[in-house]
Amino acid sequence: MRGHAFLVVAVAVVAAGLAVTRVLDNQYYYFAAYVVLQYVVLATAWNILGGYTGYVNFGTPAFFALGAYTAVVLIRWVKAPLGLQLVAGAIIAGLLGLALGYLTLRLRGVFFSIATLALAVVLQTMFINWEYTGGARGTSLVRPATAPLFGSYVQFLFVVMLGLAVLAVATAWWIERSWIGRGLAAIRDNEEAAECMGVPTLKLKLVATTVSGVLMGLAGAPFPYYVTFVEPTSVFDLNYAVNSLAMPMIGGTTTWMGPVIGAVLLGTAQQIATVTISSALNLLLVGLILVAFVILAPEGIVGLVQRLARPRAERTRRSGP
Amino acid sequence: MRSVTKRFGGFQALSAVSLRVRQGERFGLIGPNGSGKTTLINCISGTLRTDGGQITFDGHDITTLPPYRRTRLGIARSFQIPKPFVSMTVLENLLIPIEYARQGHHDGVVDEALGILGLMGLAAKAQASSGALTQIEMRKLELARAMAARPKLLVSDEAMAGLSSNEVDDILAILFELNQRGITIIMIEHIMRAVMRFSERIAVLDAGEKIAEGVPDVILADKRVEKAYLGE
Amino acid sequence: MITLDLFLNAVTAGILLGGFYAAVSLGIAIAFGLLDIVNIAHPVFVMLGSYVAYTMNLRFGLDPILTGLLFTPVFYGLGVLLYRIYYASFERKGAEALRGLVFFFGILFIVEVSLLLAFGVDYRMIEASYVGRSFHIGPVGIAFRLLVPCVVGVALTGALYLFLSRTFYGRAIQAVAQDSFALRLMGANPFKVKDVAFGLAIGTAALAGALLIMIGPVEPAMNREYIGRVFAVAVLGGMGSIGGTLVAALILGVAESLTSTFYGPSWGVAVSFGVLLLALAVRPSGLFGR
């Protein structure tokens, strides 16, 4: 999608979101839409490192939770406004990404992935032991009653998350089309060759890890006000790990559209499903779908569509002079 | 005056190998399988860290530089087993070195890439997926990619292995042409007639040691070289 | 407060735990060390083994070690099945490493959540005559629930070592990673060799799981703690050296035990992460590496 088209679509999406808040009053939809939008951010963030660069992050909960807990600390400490929470969450999570990358990106990709797993476990242990944020029991927060310009705070959070989703997708879109994106793709395709062709692989990988971390932290920062009760088990939920991975894999990992499609489809399906089946069963289904896609349709929905479109083009070419 | 000096000590795969290559020279490197040729190339390109010794290039000590810095200084290599960027077209494969090795984000990149492809005879395949090429096309792409980095030194690692006689001549012609343009070339090959025809000087490795160095005729007559290849 | 008693007990517990860790890590030593297959789902199969032992103990009063041995062939079959799916989907096509990794993560996920659905989040444990008993050598207490898994773990390690070094298939497995061409010349089919090897790797999970539930109560999420541990042991131990795996497991066990005793149990898990990073930074080929 070219620059102008993308901008138009982005503005239209935000405008539509704002219009909806004027019209729709049923709070449930805003709660649900928030979750789906949150997954758009997480899936897009994951894909920058996973799909574009080829490094698999199993520890999304670590970055998400760090964003959330940074917000909690700021709320408790200085009653900080949401804006500050977002910025702080982004910075802290970004630093975590940078540190993790610096320690592990010189090693084989698989060790990076294992490190992300361990990171999630270690961070969870840390927060379980930290009394200031409630320890294992958790802490409850009071959500502000109203927000400027919007009726309910939840509607406000919905719009914030919508903005974050647009930001995340725009970031991915820009990276994908730029020379950075090409360098990341070279790293993904063949890191050794990329390095020998002049690509500063470590630096680029660090950029990807940091950007990914920043976006995940941004997704986590509004979470405390959304749920009003933050405790380690729910913030470090396996949900986030598997979904942020499954959504890009199902949607398609090579382009920004993949995570969006995956997040909207899978996220909406899960929101509908939670009222009918248990969350554990829901997770099981996600796992099964993920494995099915990895085996049968690794290029995701986007790839399938592209494959269907291509033969038609070749057919017309062959029938020419 | 461009010279490359390498001394490695105590490295299992290479023992105190020293080489000096002159600017603009055509240098051949031969040796039986497992003698350490590719290891040496990996040390030159920076993929491997040396355990001892020093590498200087064009007056710079590059012993501890990471590979991408060496490429930016002017060293390029092709890989024995081609490593194309499979998710990209042939053309896009060349954009990587153009944009990164010389940091040119200018507007002529596509034309320049097409020019190089034309030189290699790959212009028709510019939009093809780089994963779907024939053997010789892949080898040419390897060389094209190395070329796109506008190197001063090009190391060609067995670019002709497994090719037909005509294809070998094809690649050889390209390498001669590149050398005419002023690029120093180190060629690693098993195909003797190619190495003998191409090189001004040759070094021979065996089990990690340099056992001979000199002009092709001398090497051909050297008994130690014969023994290394044929055994007792 | 560091006393000699506390220290000695911590070290002893660590050694005993290390013997058990060796048993858990054998599967990764084979799959990752020798076959270069990143099976992060291995610990969750160990959990499966634990729950099988639990169920057999609950329903039929079977001793867990017996269950572990009985079910080893079943787990072997499971391993073979898993390898064939992996091979057909990824290895044969030369797919990028990312997909194999995601595949095993998916498997991990499916098994963990299935266990969750079947058994819930509560901790499960077994009833056996020796659990809870202990004896003392001087100031050092030795609990049977640690001693027995350690002994069985070391025995399993020894058995595997003998298999790999003395039998045809064992030697073939050791060779397949390095040179499948030479293997074919020897008359062995590389696919078949890897098939057997991976089956063996998952097969060890049956007994390892039984040992795990002897040490303490289990719940499905525990598998993730062990991922760091087994890979730390595999790397430190030299990626495929069985002897190295045992030594590395002992080192990890002692390090964890000391950390738990003096800094609190929740930090024990972080130790494996630290050990892995340290090992990779200092000597990527491990202590006994090729």
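Chain C has 290 residues, and a compact globule of that length would have a radius of gyration near 19 Å; chain C has 19 Å, so the two agree. The radius is taken over C-alpha atoms, and the globule rule is 2.2 Å times the number of residues to the power 0.38. This is a predicted model, in which local features need pLDDT of at least 70, side-chain atom pairs count only at pLDDT 80 or more, and totals for chains, interfaces and linings use all residues. Residues are numbered from 1 along each chain as its sequence is written, while chains are lettered from A and ligands numbered from 1 in the order in which they are written.

Stay with chain C for a moment. Its C-alpha atoms fill a box of roughly 60 × 45 × 35 Å along the principal axes. Chain C holds 11 helices and two strands. Both kinds of element are DSSP runs, numbered from the N terminus: helices are H or I with at least four residues, strands are E with at least two. The order along the sequence is α-α-α-α-β-β-α-α-α-α-α-α-α. Of the 290 residues, 54% count as buried. Buried means that 20 or more other C-beta atoms lie within 10 Å of the residue's own; exposed means 12 or fewer, and partly exposed lies in between, with C-beta atoms placed from the backbone. Two residues are in contact if their C-beta atoms, placed from the backbone, lie within 7 Å.

One loop residue in chain C deserves a look. C:Asp36 has a positive phi of about 60° although it is not a glycine. C:Asp36 sits in the loop between helix 1 (4–34) and helix 2 (42–60) of chain C. It counts as partly exposed because it has 16 C-beta neighbours inside 10 Å.

Now turn to chain A. Here there are 15 helices and two strands. For 321 residues, the radius of gyration of a compact globule would be near 20 Å, and chain A agrees with its 20 Å. The C-alpha trace spans about 70 × 50 × 40 Å along its principal axes. In chain A, 54% of the 321 residues count as buried. Of the contacts in chain A with a separation of 6 or more, 79% are between residues 24 or more positions apart.

A helix pair shows how chain A packs. Helix 1 (residues 3–23) and helix 6 (residues 153–177) of chain A meet at an angle of about 170°, with their axes 10 Å apart. Axes are lines fitted to C-alpha atoms, for helices over the stretch in contact, and angles run from 0 to 180 degrees between N-to-C directions. Helix 1 and helix 6 of chain A are therefore roughly antiparallel to each other, a label for angles over 145 degrees. Residues making the contact include A:Phe6, A:Val13 and A:Leu18 of helix 1 and A:Val159, A:Leu162 and A:Trp173 of helix 6. By class, this contact has 10 nonpolar, four polar and no charged residues. Ala, Val, Leu, Ile, Met, Phe, Trp, Tyr, Cys and Pro count as nonpolar, Asp, Glu, Lys and Arg as charged, and the others, Gly among them, as polar.

A:Thr228 is not a glycine, yet its phi is positive, near 60°. A:Thr228 lies in the loop between helix 10 (223–227) and strand 2 (229–230) of chain A. With 11 other C-beta atoms within 10 Å, A:Thr228 is exposed.

How do the chains meet? Two pairs of chains are in contact, and chains A and C share the most contacts. That interface takes 31 residues from chain A and 31 residues from chain C. On the chain A side, helix 5 (109–128), helix 12 (238–251) and helix 14 (279–296) each supply at least two residues. Helix 5 of chain A gives the most, with 11 residues. The chain A side divides into 25 nonpolar, six polar and no charged residues.

A:Val294 lies in helix 14 of chain A. A:Val294 is buried, with 27 other C-beta atoms within 10 Å. Beyond its neighbours within four places in sequence, A:Val294 is in contact with A:Met249, C:Arg99, C:Val102, C:Phe103 and C:Gly106.

Chain B is the other partner of chain A. Here 18 residues of chain A are in contact with 22 residues of chain B. Helix 7 of chain A gives the most to the chain A side, with six residues. By class, that side has nine nonpolar, five polar and four charged residues. Chain B and chain C do not touch; their nearest C-alpha atoms are 11 Å apart.

Technical notes:
Parallel < 35°, antiparallel > 145°, perpendicular 65-115°, else oblique.
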